[in-house]
Amino acid sequence: MDDMNLIQQAQRHQLVVRELGEEIDLEIGPGEDDPAFDHNPLMEVQARESSAEEHDNKQMVASQPPTEDQDMTKTQQVKRKKKVVKRWREEWADTYKWAYVDLKDDTARIFCSVCREYGRKHRRNPYGNEGSRNMQMSALEEHNNSLLHKEALRLQMASRDKIIVEKPIYVKALMSKTAGSIVEAALKRDPHEPEFIQSVQEVVHALERVISKNSNYVNTMERLLEPERTIIFRVPWIDDRGETHVNRGFRVHFNQTLGPCRGGLRFHPSMNLGIAKFLSFEQTLKNALSPYRLGGSSGGTDFDPSGKTDSEIMRFCQSFMNELYRYLGPDKDLPSEEMGVGTREMGYLYGQYRRLAGHSQGSFTGPRVNWSGSSLRTEATGYGLVFFAQLILADMNKELKGLRCVVSGSGKIAMHVLEKLIAYGALPITVSDSKGYLVDEDGFDFLKISFLRDIKAQHRSLRDYSKTYARSKYYDQAKPWNERCDVAFPCASQNEVDQSDAINLVNSGCRIVIEGSNMPCTPEAVDVLRKANVLVAPSMATGVGGVVAGELELKECNLNWSPEEFESKLQEAMKQTYQRVLKAASDFGYQKESPETLLHGAVISAFLTIANSMADQGCV
């Protein structure tokens, strides 16, 4: 029976079946292809190396007798179809492991499985005889060595760091069906953007009491959740070897009801549209909590600056700005630093913006460079976190002095959190990177922080710190949340604190979590912390310091602030934000001692500010 099926299949596809170990000729006509053959990787066709005797008998082919269909084909004198022929040998396995067979214009071709193109798309064939075995294989081989294929392969390798399998989105149970309908609509519209959906859920959960008192806010919330403008663009650039690369750029102007947009730029391989929307949504609420009337935006690219030379980063930033500049300006949108973007990147971006725009009105926010304003811009966010923690502790009749603090991350924000904690007499004991965390039981001091900065500047591992300070230890593939502490400062990235980490924090004695990064806690972690009565200060409130500093340097850049004057203004802005959050929470019945007070109060205050302005401006 199996032999009969093989013969029928051979007749259907006009296969010329040879002895095992020899080549198989495939001639697939339109409408005659076998579905089982589609997308079949060639590397699965295993053949043994032909012996010399078999090679001599290569022309002796045992084929099926011609059928009536085949006779009719000959009489119709249809143009002979090209064949795709391949005899696999072991030494070719690595060369052609990315190949597969598929139809193109009703003709079987050998395709690259990385970029889904076949050889002729990537080469000039001087003979125009792609159907022959030699030309087809040489075309694929040349394609595999082409810049296009190498770039496609690089992107495929980089994608391994991303989430390949979609994680199920954790849906919180909401008390109100009306609030639940808002989340359901967002989930239906953007099912493949888990970070954005998570952010929406947190906001809607905090607004349940607001929505129940005024159902008109449902329509307002639906409008608010749709960005005003989403920009996606190509960013081609050339590396130092002359090879061309292509990345994808994003910029989301989420809401401009209160004024021009402000928001960060993130350069990281994991960057995508969902993350850009989540960051811009969070930035919109954060800006609404600030003393200034500002809209929210965010963006970035999946470009990875690590390991790149200065000239490569300059060329990429210039190409990135070639498209983005038309959407920027002091009355439109001005970007600021985020993950992967520092002084160097902001300098290149601003230089190209000034060149293209033909003026220098407005300023990108960046630290200690001559086109920037205040000298403490980069410190503002980190310092603001510590000021906010101090305000919380003051209401508890406590202070930071002597408290053990764990900090995640080792970037700009984390380092400035360490600085200010030391200044207030606290004992910060940890920092972390993508591969693990470092703990120093003696606590960090200013000298140690300087050493940490040198390590990071030289792109060395935090593990090198423990070679100098014997009482420190670096833990691979671990997080710092199981260290005994009083206050935690997650300052690395979104969703860095999961459910198990939250349990570790509770068991470690942590009573306050000050969010430094955007949405660092997963919904499951937030539930654990809430049930354990751990107070969580949301990043949209604690991160206002960066917004304040950016506007001060833009509006009052001609003034030379001393560090003391700048810190005084920053402290006053953080105090105003803290009081606004508590008042909004109190107005809707949240007690000051509740672990949800700060999170719900921050969302309520920000949302009402935006919603009232949206109502005044009509349906726009």
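## A three-stranded sheet

In what order do the strands of the open sheet of 3 strands run? The order is S12-S13-S14, and the pairing is antiparallel. This is a predicted model, so everything here describes a prediction. At the edges sit S12 (430-433) and S14 (472-476), each of them pairing on one side only. Ignoring direction, neighbouring strands of this sheet are turned against each other by 15° on average.

Zooming in on one pair, S12 and S13 (residues 436-440) run antiparallel and are joined by 4 bridges. If you want a spot to look at, take Thr 430, whose bridge partner in S13 is Val 439.

## The whole chain

Stepping back, the chain has 22 helices and 17 strands. Of its 620 residues, 50% are buried. Now for the contacts with a separation of 6 or more: 69% of these are between residues 24 or more positions apart.

## Strand S6 and its partners

On the S5 side, 10 bridges tie S6 to S5 (residues 229-238), and the two strands run antiparallel. One of the residues to check here is Ile 231, which has Arg 251 in S6 as its bridge partner. S5 and S6 form a hairpin, with 5 residues between the strands. In that turn, Gly 242 has a positive phi of about 85°.

S6 also pairs with S8 (residues 295-301), again antiparallel, this time through 6 bridges. Asn 255 has its bridge partner in S8, namely Gly 296. As a reminder, strands of a sheet pair through backbone hydrogen bonds, either parallel or antiparallel.

## Helix H7 between two contacts

H7 (residues 194-206) packs with H10 (residues 273-289) at an angle of about 30°, and their axes are 7 Å apart. That angle makes H7 roughly parallel to H10. On the H7 side, the contact involves Glu 195, Phe 196, Ser 199, Val 200 and Val 203. These meet Gly 274, Ile 275, Lys 277, Phe 278, Phe 281, Glu 282 and Leu 285 in H10. Sorted by type, the residues of the H7 contact with H10 come to 7 nonpolar, 2 polar and 3 charged.

H7 packs with H6 (residues 177-189) as well, at about 170° and with the axes 10 Å apart. H6 and H7 are therefore roughly antiparallel to each other. H6 brings Ala 179, Ile 182, Val 183, Ala 186 and Leu 187 to this contact, while H7 brings Ile 197, Val 200, Gln 201 and Val 204. Val 200 is worth a click, as it is listed in the contact with H10 and in the contact with H6.

## Cysteines

How many disulfides does the model have? The count comes to 0. Cys 485 shows the reasoning: its closest cysteine sulfur is in Cys 510, and at 4.3 Å that is too far for a bond, because the two sulfur atoms would have to be within 2.5 Å. For context, a disulfide is a covalent bond between the sulfur atoms of two cysteines.

Are Cys 485 and Cys 261 buried or exposed? Cys 485 counts as buried, at 2% relative accessibility. Cys 261 is buried too, with a relative accessible area of 0%.

Definitions and conventions: Residues numbered from 1 in each chain as written. Predicted model: local features only at pLDDT ≥ 70, side-chain atom pairs only at ≥ 80, totals over all residues. Heavy atoms only, no water. Pairing = 2+ DSSP bridges. Axes fitted to C-alpha atoms, helices over the stretch in contact; angles between N-to-C directions. Parallel < 35°, antiparallel > 145°, perpendicular 65-115°, else oblique. Contact = heavy atoms within 4.5 Å. Nonpolar A, V, L, I, M, F, W, Y, C, P; charged D, E, K, R; others polar. Buried < 20%, exposed > 50% of the residue type's maximum accessible area, 1.4 Å probe, protein only.
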